[in-house]
Amino acid sequence: MNENKKMFMQIVKELRTLIREQHIEPGDKLPSERVLSEQLGVGRSSVREALRSLELLGLIETRHGGGTFLASVHHHQLIEILSSFILQETKSIEDVHATREMHEREAIRIICRSEALRNLPVWESLFIKVELQQELVREDILRECIIASNNRLSLKIWLQLLAYSAQTFKQFVTAQEKKALQMFIKSLQMGYIKEAIIAYEEWIEIIQDGR
């Protein structure tokens, strides 16, 4: 596990401990970035990044000029379940990747079943970038799929799961990925669910083999 992941997990665990031990209720204010930084012995920038990730998940909310607060009880209970799973250090990180891929496959199915989503201009734009081998970040392709599926909760969960993929999906698409990606995008546009998922899985396998 790299240092960024360790840092993130350390900060989240500290926040959960504070919430439990200090009986912080939904709507209550959390310690400032400075206080958390001092307690954890880490830089404020690391604390800030962890808080941003937790806000995406809905565990906390930031009020302009007012600080950071524990979100509503419904959000808290949901994220507590998700965090309990993700933050089990003995749990294989492969389970996190598999869960992320479940969201991606479902997004592919949703897009393929909708004519309006299949015809979004973004797919042709992505195809051209792949064809011309222009600079294209891997995670941008997946993010467009999740966004197109129009499920905000799935997007929030996916963003956090993606954080556990380290730098793998922040890298540019390589020439080795071109054929699988072209097949994936075209199958998506045609609404061929089976073919789109097969091409997606081939693409992911190529990425994993290159790590």
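**Figure 1. The charged end of Arg63 sits over the ring of Phe69, 3.9 Å from its centre.** A charge is taken to sit over a ring if NZ of Lys or CZ of Arg is within 6 Å of the ring centre and within 35 degrees of the ring normal. The model is predicted, so local features need pLDDT of at least 70 and side-chain atom pairs count only at pLDDT 80 or more, whereas totals for chains, interfaces and linings use all residues. Residues are numbered from 1 along each chain as its sequence is written, and side-chain values use heavy atoms, with hydrogens and water left out. A second contact of this kind involves Lys186, which lies over the face of Phe127 at 4.6 Å from the ring centre.

**Figure 2. Strand 1 (residues 60-63) and strand 2 (residues 67-70) run antiparallel.** Four bridges join the two strands; strands pair if DSSP finds at least two bridges between them. Arg63 has Gly67 in strand 2 as its bridge partner. The strands form a hairpin with three residues between them, and Gly65 in the turn has a positive phi of about 75 degrees. Helices (H or I, at least four residues) and strands (E, at least two) are DSSP runs, numbered from the N terminus.

**Figure 3. Phe184, Tyr200 and Trp203 form one aromatic cluster.** Rings of Phe, Tyr and Trp (its six-membered ring) pair if their centres lie within 6.5 Å; planes under 30 degrees apart count as stacked, over 60 as edge-to-face and the rest as tilted. By this rule the count comes to two aromatic pairs. Phe184 and Tyr200 form a tilted pair, 6.2 Å centre to centre with 50 degrees between the planes. This pair links distant parts of the chain, with Phe184 in helix 10 and Tyr200 in helix 11 (residues 193-209), 16 residues apart. Phe184 is buried at a relative accessible area of 1%, and Tyr200 is buried at 0% (buried means under 20% relative accessible area, exposed over 50%, partly exposed in between; 1.4 Å probe, protein chains only). Phe184 and Trp203 form a stacked pair, 6.4 Å centre to centre with 20 degrees between the planes. Because Phe184 lies in helix 10 and Trp203 in helix 11, this pair ties together parts that are 19 residues apart in sequence. Trp203 is likewise buried, with a relative accessible area of 0%.

**Figure 4. The largest nonpolar core has 31 residues.** A nonpolar core is a set of buried Ala, Val, Leu, Ile, Met, Phe, Trp, Tyr and Cys residues joined through side-chain atoms within 4.5 Å. Ile108, Trp123, Ile141, Phe184, Leu188 and Trp203 touch the most other members. Two or more residues come from each of helix 5 (93-113), helix 7 (121-131), helix 8 (138-148), helix 9 (152-162), helix 10 and helix 11; helix 11 gives the most, with seven. Leaving aside neighbours within four places in sequence, Ile108 is in contact (heavy atoms within 4.5 Å) with Phe184, Leu188, Ala196, Ile197 and Tyr200. A second, separate core of 17 residues includes Ile11, Leu30, Leu51 and Leu70.

**Figure 5. Gln167 lies in the loop between helix 9 and helix 10.** Gln167 is partly exposed, with a relative accessible area of 45%. The C-alpha atoms of Gln167 and Glu139 are separated by 9.8 Å, the two residues being 28 apart along the chain.

**Figure 6. The protein averages a pLDDT of 82.** The score is the predictor's confidence in each residue, from 0 to 100, and 82% of the residues score at least 70. Among the elements, helix 4 (residues 73-86) has the lowest mean pLDDT (50) and helix 10 (residues 178-190) the highest (97). Where pLDDT is low, the predicted coordinates should not be read in detail.
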